[in-house]
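Open the model in your viewer and follow the stops below. Each stop says what to select and what is there.

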Amino acid sequence: MFRRALGGFAVGGLGLHQYDTWLGDRVVNRNLRAVWAAVLTTYDYKFGFSHENPQSLIDVHSRVAKRWFDVCSENGGLYIKLGQSCQQLNHVLPAEYTELFSKMFDAAPPVPTKDILKVFREDFDGKTPDEIFSEFDPEPIASASIAQVHKAVLPDGRKVAVKIQKPYIERQIPWDLSCYRLLVFCLEKIFELPMYWTVDSVCDSIRQEADFRIEARNAEMASVGLSEGSDAYVPKIHKELTTKRVLTMEWIEGVRMTDTKSLSNMGFSISEVMTKVVETFSEQIFLTGFIHADPHPGNVLIRPSPMEPAKPQVVLLDHGLYVKASEKFRKDYCKLWVAMVLMDTDAVRDVCSSWGVADSDFFASMQLLKPYRPSKRAVHVNNTTIDDILRMQMGLKERVKGLLLDTKLVPRELILLGRNMNIIRSTNKQLGSPVNRVAIMAYFANRGTYAINPLLTYQGVRLQQTKVATRGVSQVYNEMLFRARLFLISCVYYTTRVWQHLNAFFGKENAKGFEELLEESLSRTIEAKLGFRLNLDQNGAGFG
């Protein structure tokens, strides 16, 4: 009887595996693979290293990073996006993760043409692309985690980009998100860390990203939010040719913001381009609260401005993932940044307390992506060894638990807002820190404390105030103090730029840029709080 039952179970399991592999979009295989990886990861971090031998924790980091890299690569779809997010957290995660996941950006292969055409026909009542467009290139020009893009020409001769969702995404998402919820819930219970509070926001964002009708509305709203005369542009959407899984938008010729050679050939300096990029996203963050949450280099093109070809124009693509901040959060976030620049510890603490954050200084550091030290005392860890750092990592749980007082109060906007700011930081660093990101963002934060949000009138919200209020003496004083602080930040920035150029002139390669210096300093802050250390050399030498 037992053998018969065991045999039946084996046959059933094999049948389910084959059905899921060939007909079921691999939803069972993919999620079982993720669950098993989570089980092994839990074991590794609970029992896989010795407290007497901190060096063994490096082996655990490497093993777990390799395991999840393989899971993301094999599962594809939304897991690719998860892997890409890990790489962008290079200022927080151990180097074993970020170095491996940096390869994930090229891991979104296109699907066969026949499968893409099937999706198109299903969404356009059986019509093929050739029946709608005068030209349609079946070979994709780009492929991302959930969709791929094809070039086409409308009957009137206008070129368009046609974004078509990969066929299995719609069926995989419910399973993937259910698995994600289960994994986060279990990990929260196992490690006793506040994690599950982020789940609803993440799942809602992913569902919206898979509906291209929402992306079309986001693009329209983003275009309205850009100030008149802005150096940024959002391609026009053809709504009559847009469905839940197909989006048709204006074709734009441009180059990636990180393609330094092409930008130079166009006559643009990297500093000029990155200034426009940081200003564009600062305007979204601090003036409108409607924020592109996935501004990686593939989603930001640069072209000559149609009105002034000698100037670069920023073109924003892929509007599926957006932060829709409340007006209260936008104002509070502006006040937080201004308070951080002014070193107003009481104001910083008040905002953080209202958001359920216990450690306001550390939270401020994570928002600036640079150390926030109102006491001006440095974090003295320059001479720590690798063993010291790894021992601190072993006490990570209690440190993380101490950061948040009440997760119910934490604004959900912070989850994706942090993604935007970190991608911009990472890009600026990659290009050699050509602009003072902190000063630019702080300038827009200050404007945001008194500027009128242009999207409020667009959305039909009645404004209580139609002009900027008259400022009193204290406001004028704070403005002067704020500008003085920005001037000091700029002095530090330009000092590092001069040092970079001098090193390059004398033939010294790899001179550190402003973002690298901030990252090292922030790393020390994180190290003191949580025990993470970035980019350690093999000898365990500290920074400095």
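In which strand is the place of Gln165? Select Gln165 and you land in β4, residues 159-165. Bear in mind that this model is predicted.

**Stop 1: Gln165**

Check the surface around the residue. Gln165 counts as buried, because its relative accessibility is 1%, and the cut-off for buried is under 20%. Now show the side chain of Gln165. It reaches the backbone oxygen of Ala210 at 2.7 Å.

Next, select the contacts of Gln165, leaving out residues up to four places away in sequence. You will pick up Ile116, Val119, Ile146, Ala147 and Glu170. Ala210, Phe212, Lys244 and Arg245 are also on the list. Then draw a distance from the C-alpha atom of Gln165 to that of Leu247.

**Stop 2: Thr243**

Move to Thr243. This residue sits in the loop that runs between β5 (232-233) and β6 (246-250). Is Thr243 buried or exposed? Thr243 is buried, because its relative accessibility is 15% and the limit for that class is under 20%.

Show the side chains of Thr243 and Asp123 together. They make a polar contact at 2.7 Å. Setting aside neighbours within four places in sequence, Thr243 is in contact with Asp123, Phe124, Phe212 and Arg213.

**Stop 3: two positive phi angles**

Which loop holds Asp125? Look between α6 (113-123) and α7 (129-132). Asp125 is not a glycine, yet its phi is positive, about 55 degrees. Asp125 counts as exposed, because its relative accessibility of 76% is over the 50% cut-off.

Now select Ser433, in the loop between α18 (413-430) and α19 (437-448). Ser433 also has a positive phi of about 55 degrees without being a glycine. Its setting is another matter: at 1% relative accessibility, Ser433 counts as buried.

**Stop 4: the cavity**

How many cavities of 30 Å³ or more does the structure hold? There is one. The largest cavity has a volume of about 40 Å³.

To see its lining, select Met221, Ala222, Gly225, Leu226, Glu283, Gln284, Thr288, Phe290 and Leu455. Two elements give two or more residues to this lining: α10 (212-225) and α12 (270-288). Colour the lining by class. You get five nonpolar, three polar and one charged residues.

**Stop 5: the cysteines**

Select Cys72, then Cys203. Cys72 is buried, with a relative accessible area of 1%. Cys203 is buried as well, at 0%. How many disulfides does the structure hold? The count is zero.

**Last stop: the whole chain**

Zoom out and colour by secondary structure. The chain comes to 22 helices and 11 strands. Colour by accessibility next: of the 544 residues in the chain, 51% are buried. Finally, show the contacts between residues at least 6 apart in sequence. Of these, 71% join residues at least 24 apart.

Notes: Residues numbered from 1 in each chain as written. Predicted model: local features only at pLDDT ≥ 70, side-chain atom pairs only at ≥ 80, totals over all residues. Heavy atoms only, no water. Helix = DSSP H or I, 4+ residues; strand = E, 2+ residues; numbered from the N terminus. Buried < 20%, exposed > 50% of the residue type's maximum accessible area, 1.4 Å probe, protein only. Polar contact = N/O pair within 3.5 Å; in protein donor to acceptor, adjacent residues only side chain to side chain. Contact = heavy atoms within 4.5 Å. 1 Å grid on protein atoms, 1.4 Å probe; cavity = no way out; pocket = protein on both sides within 12 Å on 5 of 7 lines; lining within 4 Å. Points joined across faces, edges and corners; volume = space filled by probe spheres on them. Nonpolar A, V, L, I, M, F, W, Y, C, P; charged D, E, K, R; others polar. Disulfide = S-S within 2.5 Å.
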